[in-house]
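Subject: Structure handover

Hello,

Here is the structure we discussed. Please open it first, then read the notes below.

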Amino acid sequence: MKRPKFIIDQMCGRLAKWLRLMGYDAVYFDDINDEELINIAKREERIILTRDTRLVKRKIIANGYVKALMVSSDMLDDQLKQLVNYFKLKCDKKLERCIECNSELESVSKSEAKSKVPPYVYRTQNKFCRCSSCGRYYWRGTHWEKIQAKLKDIC
Ligand SMILES: [Zn+2]
């Protein structure tokens, strides 16, 4: 099955980062109207995640031309649980996608990362990735372990 791609409305913004952490393509815009949201979903075959009952009642969505899921809770953990169950999402322990901008990450050598990450991180980590778009560096540090523990609870 193809990995689902998402577009997230303002009411569930925090979901975007968590979906990216799980390796899923999830776009989020601070300021976007329903028309734009639907157009992007349609053009890029994204599933809309929303808390807006009016939006999911739109004809184009009700008729199935654009897919949308009504997110049932305000709580992040419950939202993630709903998505994991509904889409059978996999909580891959991979660093694949930039949490900030949703672009794909590329592996970089330890020497390349040297001047870009804190010295302690450089000493203790061996694998580094860089966002191909915004240039942010990633590694599996203590923060990463905490995130994985949370995902383990949910998935
Ligand atoms: Zn980025």
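The largest nonpolar core has 23 residues. Phe6, Ile8, Leu15, Leu19, Ala26, Ile48 and Leu49 have the most contacts inside it. A nonpolar core here is a set of buried Ala, Val, Leu, Ile, Met, Phe, Trp, Tyr and Cys residues, joined through C-beta atoms within 7 Å. A residue counts as buried if 20 or more other C-beta atoms lie within 10 Å of its own, as exposed if 12 or fewer do, and as partly exposed in between; the C-beta atoms are placed from the backbone. Six elements each supply at least two residues of this core: β1 (6–8), α1 (13–21), β2 (26–28), α2 (34–43), β3 (47–50) and α5 (76–87). Helices (H or I, at least four residues) and strands (E, at least two) are DSSP runs, numbered from the N terminus. α1 gives the most to the core, with five residues. Leucine 19 is in contact with Phe6, Tyr24 and Ala26, leaving aside its neighbours within four places in sequence. Contact is defined as C-beta atoms, placed from the backbone, within 7 Å. A second, separate core has six residues, including Cys98, Leu105, Ala113 and Cys129.

Two points on provenance. This is a predicted model: local features need pLDDT of at least 70, side-chain atom pairs count only at pLDDT 80 or more, and totals for chains, interfaces and linings use all residues. Residues are numbered from 1 along each chain as its sequence is written.

Now the overall layout. The protein chain has eight helices and seven strands. Its C-alpha atoms fill a box of roughly 55 × 30 × 30 Å, taken along the principal axes. Of the 155 residues in the protein chain, 23% are buried. Take the contacts between residues at least 6 apart in sequence: 52% of them join residues at least 24 apart. The domain assignment gives domain 1 (6–87) and domain 2 (105–154). Such bounds come from an automatic or database domain assignment. The C-alpha centres of domain 1 and domain 2 lie 28 Å apart.

Next, α5. Its 12 residues should span 16 Å at 1.5 Å a residue, and its end C-alpha atoms are 16 Å apart, which agrees. The expected span is 1.5 Å times one less than the number of residues in the helix. Gln79, Leu80 and Leu83 are buried in α5. Seen down the axis, the buried residues of α5 fall within an arc of 95 degrees, so they line one face of the helix. The arc is that of the directions from the helix axis to the C-beta atoms. Asp77 and Asn85 are exposed on the other side of α5. What do the buried residues of α5 pack against? They pack against α1 and α8 (142–154).

Three strands form an open sheet in the order β5-β6-β7, with antiparallel pairing. β5 (105–108) and β7 (137–138) stand at the edges with a single partner strand each, so one side of each is left without a neighbour in the sheet. Pairing requires that DSSP finds at least two bridges between two strands. Four bridges join β5 to β6 (residues 128–131), and these strands run antiparallel. Serine 107 has cysteine 129 of β6 as its bridge partner. Glutamate 106 has arginine 130, also in β6. Two bridges pair β6 with β7, again in the antiparallel sense. There, arginine 130 has tyrosine 137 of β7 as its bridge partner. β6 and β7 form a hairpin with five residues between them. Glycine 135, in the turn, has a positive phi of about 80 degrees.

Last, two loop residues to look at. Most residues other than glycine have a negative phi. Glutamate 45, in the loop between α2 and β3, has a positive phi near 50 degrees. Asparagine 102 has a positive phi of about 75 degrees although it is not a glycine. Asparagine 102 is found in the loop between α5 and β5. Which of the words applies to each, buried or exposed? Glutamate 45 is exposed, with 11 other C-beta atoms within 10 Å. Asparagine 102 is buried, with 21 other C-beta atoms within 10 Å.

Best wishes

Key:
Two residues are in contact if their C-beta atoms, placed from the backbone, lie within 7 Å.
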